[in-house]
Amino acid sequence: MSQELRSFLLQALQRLEKADRTLESEQGYNEDLEILRMVIELTREQVPIENTRSTPRAAR
Amino acid sequence: MKILVVSLHRLGDFFLHQTLESSIRAKYGQVEIEYLINDSVQGYLITRGIKHHVFPREALQRFLVEPYFNPVSAHFLLHQTIEQINHQGYHAILNLTQSRAAAALMRLLRSAQIFGPRLGSHDWSPEESGWIRLVDRMALNPAGPSPLQWLDASARAAGLKMPILQPQVFTNSRQRRHLGIQLNASSKEKSFRPSELIGCLAKVRLAHPNLRVSLLGCPMDQPDLESLADTLRSMSLAVSVDVRSFSEWENANEENRWDLILTPDTSAMHFAARLGVPLVALFRGSANPFLTAPRMEGAVLLQRRADTAQAMSQSECADLGDAVIEVLQHEARSKSFFHSWITRASSAGGLELESLDQQPNERGMQNEPSQEVASVPGA
């Protein structure tokens, strides 16, 4: 993974976590917060050592 | 009755997951089975007319790396998918995906009984170093379940059993046996290098001069495969190029089927296992036979003894050629340059890898498993 891509991912993660804190303080625990937390999990999975498991080749 | 199978990995994993269908039908009888898959693999499901929902993973990934990424857009995309699934009224949802994101998704799905192993609790550390370590622990922790164990555990949670596929015995009357060679995998480090193929094929040709050999690939591989085939022909190693979609593989008549496929760890390996084609699979780079072995009995799995990313030496290529020759003769022996295993169904019904390393004598592939069966490591 390139450093640039990595830095974008980290920025995205920071924004997501900020949104997570804001939503939790404003609305409490609800479905929207769960969805946001799933996006956070997906973002964390982009780290190459975990293997994103998405395919870089076209499926035939 | 409607069941949703959550299969959010790659195409090879989907092929593995699909083998569970027979077990689901045996338990539930008339049942509609639908899949939740990543957008990157939906091409195959569309071609085969398999009912599915698409999880917008690649679309999300594109959002995530945008410099002005907005969490609201990601939220909207996922909310739509979740609502779509919740409105289907599934009786059961079976999660075969080993990821925390899939576990989070399970928490959001309602109106169905949800089956699958639970992932351990985890924190939500916002700091970079914290979350990378967290991911590291999960991915590399040897005590964690391997994908194979995860599949077995997922099936057990739903009262099902993951089947072990049996290799097909080719009894047709054709004169020439047919070897298929899949070159490319999802990454370069896992794929065969052309020079390696030359060394391996030269050895195989000496033992089987009439063998029919095809280079396999998807349409995007065709120019490279044609160029390699020309090189091989110039060296008197006759090969043909066989570019087929997986759907076309499934529909191939007997004359165009293979007696053996040589492949790296890729979706073609799992697909060949599903068709029951005998396999020699090479695991290199990040590929690990204990994590992603084909779920078929009698597949020969090789991993280089030399821990290097360099192309294989001539001796290694010849050793690989020997492995192919042996399987064509229904044998499997230890190798000088590769750790080697053969897949077996365990007495408990799971998949086991039996090491061939300490067995220098010739071994018939139809023999009963010995006492030296090595379990798949992990929890």
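1. In this predicted model, the largest nonpolar core is a set of 52 residues, and the members with the most contacts inside it are B:F14, B:I24, B:Y44 and B:W249. The element that gives the most to this core is α12(B), which supplies 6 residues.

2. Chain B contains 14 helices and 14 strands, and 55% of its 379 residues count as buried. Among the contacts in chain B with a separation of 6 or more, 62% are accounted for by residues 24 or more positions apart.

3. The buried residues are B:S267, B:A268, B:M269, B:H270, B:F271, B:A272, B:A273 and B:L275.

4. One partner of this helix is α1. Helix α1 (residues 11-18) of chain B packs against helix α12 (residues 267-275) of chain B at an angle of about 20 degrees, and their axes are 7 Å apart. Because angles under 35 degrees count as roughly parallel, α1(B) is described as roughly parallel to α12(B), and α1(B) passes α12(B) in a left-handed crossing. On the side of α1(B) the contact is made by B:L11, B:G12, B:F15, B:L16 and B:Q18, while α12(B) contributes B:S267, B:H270, B:F271 and B:R274. By class, the residues of this contact of α1(B) with α12(B) divide into 4 nonpolar, 4 polar and 1 charged.

5. Just after α12(B) comes B:G276, which takes a positive phi of about 80 degrees, and this glycine is found in the loop between α12 and β10 (279-283) of chain B. Is B:G276 buried or exposed? Its relative accessibility is 4%, so B:G276 counts as buried. Not counting residues up to four places away in sequence, B:G276 touches B:Q166, B:P167, B:Q168 and B:M296. The C-alpha atoms of B:G276 and B:V169 are separated by 8.4 Å, although the two residues are 107 residues apart along the chain.

6. Two further residues with a positive phi call for a careful check. Most residues other than glycine have a negative phi. B:S236 is not a glycine, yet it has a positive phi of about 65 degrees; B:S236 lies in the loop between α10 (222-234) and β8 (240-243) of chain B, and with 64% relative accessibility B:S236 counts as exposed. B:H330, which is also not a glycine, has a positive phi of about 60 degrees. B:H330 is found in the loop between α14 (314-328) and β12 (338-345) of chain B, and at 48% relative accessibility B:H330 counts as partly exposed.

7. Turning to contacts between the chains, how do α2(A) and α6(B) lie relative to each other? The axes of helix α2 (residues 31-44) of chain A and helix α6 (residues 100-108) of chain B come within 8 Å and cross at roughly 165 degrees, and α2(A) and α6(B) are therefore roughly antiparallel to each other. The crossing of α2(A) and α6(B) is left-handed. The contact is made by A:E31, A:E34, A:I35, A:M38, A:E41, A:L42 and A:R44 of α2(A) together with B:R100, B:A101, B:A104, B:L105, B:R107 and B:L108 of α6(B). These residues divide into 7 nonpolar, no polar and 6 charged.

8. The helix α2(A) also meets another helix of chain B. The axes of α2(A) and helix α5 (residues 71-86) of chain B come within 9 Å and cross at roughly 110 degrees, and α2(A) and α5(B) are therefore roughly perpendicular to each other. From α2(A) the contact involves A:E31, A:D32, A:I35, A:L36, A:M38, A:V39 and A:L42, and from α5(B) it involves B:P71, B:A74, B:H75, B:L78, B:H79, B:I82 and B:E83. By class, the contact of α2(A) with α5(B) has 9 nonpolar, 2 polar and 3 charged residues.

Terms used. Residues are numbered from 1 along each chain as its sequence is written. Chains are lettered from A and ligands numbered from 1 in the order in which they are written. This is a predicted model: local features need pLDDT of at least 70, side-chain atom pairs count only at pLDDT 80 or more; totals for chains, interfaces and linings use all residues. Side-chain values use heavy atoms; hydrogens and water are left out. Axes are lines fitted to C-alpha atoms, for helices over the stretch in contact, and angles run from 0 to 180 degrees between N-to-C directions. Helices (H or I, at least four residues) and strands (E, at least two) are DSSP runs, numbered from the N terminus. Angles under 35 degrees count as roughly parallel, over 145 as roughly antiparallel, 65 to 115 as roughly perpendicular and the rest as oblique. A crossing is left-handed if the near helix is turned anticlockwise from the far one by less than a right angle, and right-handed if clockwise. Contact means heavy atoms within 4.5 Å. Ala, Val, Leu, Ile, Met, Phe, Trp, Tyr, Cys and Pro count as nonpolar, Asp, Glu, Lys and Arg as charged, and the others, Gly among them, as polar. A nonpolar core is a set of buried Ala, Val, Leu, Ile, Met, Phe, Trp, Tyr and Cys residues joined through side-chain atoms within 4.5 Å. Buried means under 20% relative accessible area, exposed over 50%, partly exposed in between (1.4 Å probe, protein chains only).
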